[in-house]
Amino acid sequence: MANFTSSNPTLKASDNAFRYISMAAAWFGVFLLFWIAVQVLYEAWPAVSQFGFKFLIDVEWNPVTKEYGALPLIYGTVVSSLLALLIATPLGVAIAIFLSEDYLPPKVQEFFKFLVEMLAAIPSVIYGLWGIAVIIPLNITVGLWLYEHFSWIPLFSTPPYGPGMLPAALVLAIMILPTIAALSRTALVTVPPAMKAGAEAVGATRWEVLLHVTLPSAATGIFGAVVLALGRAMGETMALAMLVGNNNQISASILAPANTIASLLANSFAEASGLQVAALMYLSFILMAVTLLINIFAEYILVK
């Protein structure tokens with residue numbers, strides 16, 4: 001094929017053109033990402049120059065007194081995302097196993113796979129409304145019981161107010177579930193059948209093959225799926241803005257209201273002016289940088 005292409009000027013020219021266009025598109029994507037980052041940092045520079053790295057550890061966010069600190073927002077973003085991962089990871093891996101181990105006929109598997117992936121197509125505002133109608137009343141009922149019986153544990157040390165960290169994390173877990181399930185299933189189905197057949201040939205049961213051969217072989221892909229889901233969770237906006245409570249305080253209790261970077265941006269940017277705009281752009285740059293690093297790390301794990 002290489003000789004035929006090199007001997008045919010038309011095919012060689014089209015091959016070169018396709019290569020250059022693809023390279024130009026790739027570099028344009030890199031340039032676009034760099035340009036967005038530079039533009040956000042430029043808009044944030046008044047806050048960067050005034051607050052510096054102290055912005056990351058201050059806890060006060062008060063536009064009236066022009067005091068801006070990102071620590072409660074970083075805390076809320078990280079904790080809500082990790083709670084969502086804690087809930088979604090075992091469910092997503094279990095779904096991936098169920099849809100990859102021939103427990104069902106292929107057509108039925110494809111149907112359930114389609115249903116799981118459809119969760120990703122639901123707009124986040126719908127998740128938020130569903131959370132308000134279903135999850136928050138349930139959170140109040142369960143949260144009151146947890147508070148009455150386990151308030152000595154810091155995680156349940158405050159009564160539920162309605163919106164809070166726990167309902168936000170529950171809805172966020174459902175939103176990242178398709179990412180974990182789909183990518184984990186891809187990792188599981190790429191395990192060579194010969195490895196599983198070899199384990200069965202020496203007397204391993206189906207569960208032993210799954211636990212000692214399939215899951216360890218797919219561990220890298222599953223880990224990459226979880227990290228990608230973490231990046232998705234940290235950037236979620238509308239559902240969390242409706243469910244997290246929008247309280248810029250740090251609390252050990254998952255029943256208390258909190259706030260995240262994305263939800264604060266959604267709620268505050270329209271009315272912001274002056275230094276507050278720069279502070280919000282500073283938050284945007286922090287979120288962009290962290291999410292980008294997480295996705296780079298996940299891609300590295302998946303490729304490796």
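In what order do the elements of the chain run from the N terminus on? They run α-α-β-β-α-α-α-α-α-α-α-α-α. That makes 11 helices and two strands. Helices (H or I, at least four residues) and strands (E, at least two) are DSSP runs, numbered from the N terminus.

A word on the source. This is a predicted model, where local features need pLDDT of at least 70, side-chain atom pairs count only at pLDDT 80 or more, and totals for chains, interfaces and linings use all residues. Residues are numbered from 1 along each chain as its sequence is written, and side-chain values use heavy atoms, with hydrogens and water left out.

Now the overall picture. The C-alpha atoms fill a box of roughly 70 × 55 × 30 Å along the principal axes. Of the 304 residues, 39% are buried. Buried means under 20% relative accessible area, exposed over 50%, partly exposed in between (1.4 Å probe, protein chains only).

On to the rings. The structure has seven aromatic pairs. Rings of Phe, Tyr and Trp (its six-membered ring) pair if their centres lie within 6.5 Å; planes under 30 degrees apart are stacked, over 60 edge-to-face, the rest tilted.

Take F51 and Y68. They pair edge-to-face, 6.0 Å centre to centre, with 80° between the planes. This pair links distant parts of the chain: F51 sits in helix α2 (residues 9-51), Y68 in strand β2 (residues 67-68), 17 residues apart. F51 and Y68 are both buried.

Y68 also pairs with W61, again edge-to-face, at 4.9 Å and 70°. W61 is buried too. Ring pairs join F51, F55, W61, Y68 and Y282 into a cluster.
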